[in-house]
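Here is a friendly note to go with the model you are about to open.

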Amino acid sequence: MILKIKKLVEAAKVPSYAQEGDAGADLTAVSMKNCTDYIEYGTGLAIAIDEGYVGLLFPRSSISNTGHRLLNSVGVIDSGYRGEVKVLLF
């Protein structure tokens with residue numbers, strides 16, 4: 001599948017694989033907003049996922065060194081969503 005990725009801000013970085021054969025590509029945060037109960041990281045990206053498919057956001061194992069956790073355990077990006085991809089941590 002070829003994903004259509006749109007940079008919403010100049011600083012946004014297209015997801016990339018750290019190692020050949022990796023199961024998932026790494027996202028880079030370009031903004032951070034401290035909310036009452038969580039931290040919202042913006043990627044500055046919008047991704048068009050084909051109908052019938054879903055995008056999934058999982059934390060990398062290195063997150064265990066930070067004390068942070070994904071707010072909803074796994075992030076789901078539905079095929080119809082066209083807004084900025086954001087990651088919520090607490």
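**Notes on the model**

1. Let's begin in a loop: Ala 18 is found between β1 and β2. Strands here, like helices, are DSSP runs numbered from the N terminus (E, at least two residues, for strands; H or I, at least four residues, for helices). Ala 18 is partly exposed, with a relative accessible area of 44%. The cut-offs are: buried under 20% relative accessible area, exposed over 50%, and partly exposed in between, with a 1.4 Å probe and protein chains only.

2. A word on the ground rules. This is a predicted model, in which local features need pLDDT of at least 70 and side-chain atom pairs count only at pLDDT 80 or more, while totals for chains, interfaces and linings use all residues. Residues are numbered from 1 along each chain as its sequence is written, and side-chain values use heavy atoms, with hydrogens and water left out.

3. Now the overall picture. The protein chain has seven strands and zero helices, so from the N terminus on its elements read β-β-β-β-β-β-β. Its radius of gyration is 13 Å, close to the 12 Å that the globule rule gives for 90 residues, so the chain is as compact as a globular protein of that length. That radius is taken over C-alpha atoms, and the rule is 2.2 Å times the number of residues to the power 0.38. The C-alpha trace spans about 35 × 30 × 25 Å along its principal axes. Buried residues account for 23% of the 90 residues.

4. Which strands form the open sheet, and in what order? The order is β2-β3-β7, three strands with antiparallel pairing. Two strands count as paired if DSSP finds at least two bridges between them. β2 (31-34) and β7 (86-89) stand at the edges with a single partner strand each, so one side of each has no neighbour in the sheet. Neighbouring strands are turned by 20° against each other on average, direction ignored. For such angles, axes are lines fitted to C-alpha atoms (for helices over the stretch in contact), and values run from 0 to 180 degrees between N-to-C directions.

5. Strand β3 (residues 39-42) deserves a look of its own. It pairs with β2 in the antiparallel sense over four bridges, and a hairpin of four residues joins β2 to β3. With β7, β3 again pairs in the antiparallel sense over four bridges. In a regular strand the side chains alternate between the two faces of the sheet. Both faces of β3 are covered: Ile 39 and Tyr 41 on one side, Glu 40 and Gly 42 on the other, are all buried.

6. Do follow Glu 40. Glu 40 is buried, with a relative accessible area of 16%. The structure holds one salt bridge, defined as a side-chain nitrogen of Lys or Arg within 4 Å of a carboxyl oxygen of Asp or Glu. Lys 86 forms it with Glu 40, the closest N and O atoms being 3.4 Å apart. The pair links distant parts of the chain, Lys 86 in strand β7 and Glu 40 in strand β3, 46 residues apart. Lys 86 is partly exposed, at 38% relative accessible area.

7. Next, β5 and β6. Strand β5 (residues 54-57) runs antiparallel to β6, joined by four bridges, and Leu 57 stands opposite Gly 75 in β6. β6 has a covered face, Gly 75 and Ile 77, and an uncovered one, Val 76 and Asp 78. In the loop between β6 (75-78) and β7 sits Glu 84, partly exposed with a relative accessible area of 23%. Glu 84 and His 68 are 16 residues apart along the chain, and their C-alpha atoms are separated by 21 Å.

8. Last, the surface. Met 1, Leu 3, Ile 5, Val 14 and Tyr 53 form a nonpolar patch with about 490 Å² of accessible area together. Patches are made of residues with over 30% relative accessible area and no salt bridge, joining like charges within 9 Å and nonpolar side chains (Val, Leu, Ile, Met, Phe, Trp, Tyr) within 5 Å. Areas come from the Shrake-Rupley method with a 1.4 Å probe, and for residues only the protein chains shown count as cover. Leu 3 lies in the segment before β1 (4-7) and, at 40% relative accessibility, counts as partly exposed.
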